[in-house]
Amino acid sequence: MQTSRVRLVVALALTAVLSVVTVGVTVADEEGDKDIFRRLMSEPVTLFDWGIAQLDQDIAAAALRTLPNRLGYGMGKPVTGTIYDWRGNQITLYVSVPLPAVSRTRESCTAVFHDLVADLTLGAPGGPNAAGWYLANAFKPKAHFLGSRFEDVGAKLVERVKLEVSLMPATFEAVRGDNARVRCTGRLNADRNEIAVEVGS
C-alpha cells in the first residue's frame with residue numbers, strides 16, 4: 001500500500017514538472033516569435049560572412065553600371081559573383097561577359113578590369129590605398145568600429161582578393177564551335193602591367 005502511495009506521489013511530481021517545462025517552452029517560443037530582432041541578433045554572422053555578401057552585391061552593381069558603357073548594350077547578360085578558395089585562402093570577384101569574337105580582345109579585357117575597379121573604389125580616398133580602403137569597409141558593417149587590432153586589414157585584404165574578368169563567346173558562337181575567350185586577373189590595386197591576361201579556349 002505504501003509503495004503504491006510513493007508511486008502516486010512520484011507520478012504527480014513528474015506531471016507537475018513536465019507541466020512547468022511545457023509552459024516554459026511555450027512562453028519562450030511565443031517570446032521568440034514576438035521579438036524577431038533578438039532572434040536575428042542571436043544568430044552568429046562573422047565579418048567574413050558580411051564581407052563576402054557585400055562583395056557579391058558590389059561587383060554585380062559595378063558590372064551593371066560600367067559594362068554597357070564600355071562594351072555596348074549588344075553584349076550578353078554578365079554573370080558575377082564572389083568565390084572563396086579555402087585551399088589557396090583567396091577570394092575572387094568574377095565577371096563573365098558573353099561577347100562577339102571581334103570584341104574579345106586583350107585591350108577590352110583590361111579596360112573592363114579597370115572600369116570595374118574604378119567603380120568599386122569610387123567612394124574611397126584617392127591614391128594607392130584606395131583598394132585597401134574599399135575592401136576594409138566592405139568587410140565592416142556600417143556603424144561598426146573595428147578598432148586598432150584591424151588597422152592592417154585593408155593592406156592584407158588587397159593581397160588576398162583578386163578580380164577576374166572573362167570575355168566569353170556569345171551563345172550562338174559557342175554553338176558553332178567558337179570557344180575562344182580572354183581572361184584577365186589581378187589585385188584591385190594592380191597596374192596595367194601587373195594584370196595577367198590569358199587568351200585561349
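Analyst: The chain has 7 helices and 5 strands. Helices (H or I, at least four residues) and strands (E, at least two) are DSSP runs, numbered from the N terminus. Along the sequence they follow the pattern α-α-α-β-β-α-α-α-β-α-β-β.

This is a predicted model, in which local features need pLDDT of at least 70 and side-chain atom pairs count only at pLDDT 80 or more, while totals for chains, interfaces and linings use all residues. Residues are numbered from 1 along each chain as its sequence is written, and side-chain values use heavy atoms, with hydrogens and water left out.

Confidence comes next. pLDDT is the predictor's confidence in each residue, from 0 to 100. Its mean over the chain is 81, and 78% of residues reach 70 or more. Helix 1 (residues 2-34) is lowest, at a mean of 45, and strand 1 (residues 79-85) is highest, at 97. Over residues 5-28 the pLDDT is below 50, and this stretch has 0 contacts (heavy atoms within 4.5 Å) beyond near neighbours in sequence. Where pLDDT is low, the predicted coordinates should not be read in detail.

Now the core. A nonpolar core is a set of buried Ala, Val, Leu, Ile, Met, Phe, Trp, Tyr and Cys residues joined through side-chain atoms within 4.5 Å. Buried means under 20% relative accessible area (1.4 Å probe, protein chains only). By that cut-off, 33% of the 201 residues are buried. The largest core has 37 residues; L55, L67, V97, L116, L135, L163 and V165 touch the most other members. Elements supplying at least two residues each include helix 3 (47-71), helix 5 (130-138) and strand 3 (161-169). Helix 3 gives the largest share, 7 residues.

Leaving out residues up to four places away in sequence, L135 touches L55, L157, V158, V161 and L188.

Strands 3 and 4 pair in the antiparallel sense over 6 bridges; pairing requires at least two DSSP bridges. Strand 4 also runs antiparallel to strand 5 (residues 196-200), joined by 5 bridges. There, R183 stands opposite E198.

Among contacts with a separation of 6 or more, 61% join residues 24 or more positions apart.

Methods. Buried means under 20% relative accessible area, exposed over 50%, partly exposed in between (1.4 Å probe, protein chains only).
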